[in-house]
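Welcome! Have a look at the model below, and then let's walk through a few of its details together.

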Amino acid sequence: MFRKRPLEEEGLWIIPCNSIHMFFMNFPIDVAFLNREQKVIKLVQDLQPWKITSPVKQAHSVLELPAGSIKLLGIKEGHIIRNTRKEPVL
């Protein structure tokens with residue numbers, strides 16, 4: 001929030017989380033809702049500032065990405081998102 005420039009080549013993984021709001025945001029983002037197995041269960045492309053998503057019942061986490069990332073990366077519902085970093089995700 002309050003960030004002036006859009007995300008570029010980065011994202012934010014929010015755990016636990018099953019809905020988000022775009023209050024105080026200045027740019028759109030793409031959003032992937034993941035279940036506990038990190039399977040994509042819902043996608044929202046180009047979520048605009050000042051909008052809210054409804055809670056996603058089975059979602060355990062949310063991955064916020066730069067707008068256009070879902071299409072660019074070919075992310076689809078059913079895909080598994082893996083953390084390839086060596087540090088643990090808390």
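**A serine and a ring cluster**

Ser61 is buried, as its relative accessible area is 2% (buried means under 20% relative accessible area, exposed over 50% and partly exposed in between, using a 1.4 Å probe and protein chains only). Keep in mind that this is a predicted model, where local features need pLDDT of at least 70, side-chain atom pairs count only at pLDDT 80 or more, and totals for chains, interfaces and linings use all residues. Residues are numbered from 1 along each chain as its sequence is written, and side-chain values use heavy atoms, leaving out hydrogens and water.

**Around Ser61**

- You can find Ser61 in strand S4, residues 61-66 (strands are DSSP runs of E, at least two residues, numbered from the N terminus).
- Setting aside neighbours within four places in sequence, Ser61 is in contact (heavy atoms within 4.5 Å) with residues including Trp13, Ile14, Ala32 and Phe33.
- With Trp13, the Ser61 side chain also makes a side-chain polar contact at 3.0 Å (a pair of N or O atoms within 3.5 Å; within protein, one must be able to donate a hydrogen and the other to accept it, and residues adjacent in sequence count only if both atoms are side-chain atoms).

**Aromatic rings**

- There are 2 aromatic pairs in the structure (rings of Phe, Tyr and Trp, the latter by its six-membered ring, with centres within 6.5 Å; planes under 30 degrees apart are stacked, over 60 edge-to-face, the rest tilted).
- Phe23 and Trp50 make a tilted pair, 5.8 Å centre to centre with 35° between the planes.
- Phe23 sits in the loop between strands S1 and S2 and Trp50 in the loop between S3 and S4, so their pair ties together parts 27 residues apart in sequence.
- Phe23 is partly exposed at 28% relative accessibility, while Trp50 is exposed at 51%.
- Phe23, Phe24 and Trp50 are linked into a cluster by ring pairs.

Note on methods: Helix = DSSP H or I, 4+ residues; strand = E, 2+ residues; numbered from the N terminus.
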